[in-house]
Amino acid sequence: MAIDPKINPVVAALPGGGWRVAYEQEGGTVQTSPLLAWLILADGQMIPMDADHDGSVNDPRTTGNFAGISHPDEVISSSDN
């Protein structure tokens, strides 16, 4: 999802707060990492943001191997970094 600042600007950014994002790896394993932040748009939408190994920040839901986002209290079987 592209954020258009003229139509629906970002009004706040919150820390990831312990939420985790999961990515499916080759071979079927799932790797999780801490969610970087949540962007809050003027219309109330919350957009998750993650950073990759190069430091690029994006919405993890747009990546091809996105497997889900989990609440901090949810137990996930994964191979964390």
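Modeller: Contact means heavy atoms within 4.5 Å. The structure is a predicted model, in which local features need pLDDT of at least 70 and side-chain atom pairs count only at pLDDT 80 or more, while totals for chains, interfaces and linings use all residues. Residues are numbered from 1 along each chain as its sequence is written, and side-chain values use heavy atoms, with hydrogens and water left out.

Biologist: Of the contacts in the chain with a separation of 6 or more, what share falls to residues 24 or more positions apart?

Modeller: The C-alpha atoms of the chain fill a box of roughly 40 × 25 × 20 Å along the principal axes. Among contacts with a separation of 6 or more, the share from residues 24 or more positions apart is 48%.

Biologist: How many helices and strands does the secondary structure of the chain have?

Modeller: Elements are DSSP runs numbered from the N terminus, with helices being H or I of at least four residues and strands E of at least two. Along the sequence the pattern reads β-β-β-β-β-β-β. The count is therefore zero helices and seven strands.

Biologist: In what order do the four strands of the open sheet lie?

Modeller: Two strands pair if DSSP finds at least two bridges between them. The edge strands are β1 (10–15) and β6 (57–58), each pairing on one side only. The pairing is antiparallel, and the order is β1-β4-β5-β6.

Biologist: In β6, which residue is the bridge partner of D50?

Modeller: Strand β5 covers residues 46–51 and pairs with β6 in the antiparallel sense over two bridges. The partner of D50 in β6 is N58.

Biologist: What is the count of buried residues in β1?

Modeller: Buried means under 20% relative accessible area, exposed over 50%, and partly exposed in between (1.4 Å probe, protein chains only). Over the chain's 81 residues, 26% are buried. β1 is hardly covered, and among its six residues the count is zero.

Biologist: Why does L35 count as buried?

Modeller: L35 lies in the loop between β3 and β4 (37–41). It counts as buried because its relative accessible area is 5%.

Biologist: Which residues does L35 touch, not counting those up to four places away in sequence?

Modeller: L35 is placed in the loop that runs between β3 and β4. Leaving out residues up to four places away in sequence, it touches G16, W19, R20, V21, P48, M49, D50 and P60.

Biologist: What distance separates the C-alpha atoms of L35 and T62?

Modeller: Along the chain, L35 and T62 are 27 residues apart. Between their C-alpha atoms the separation is 14 Å.
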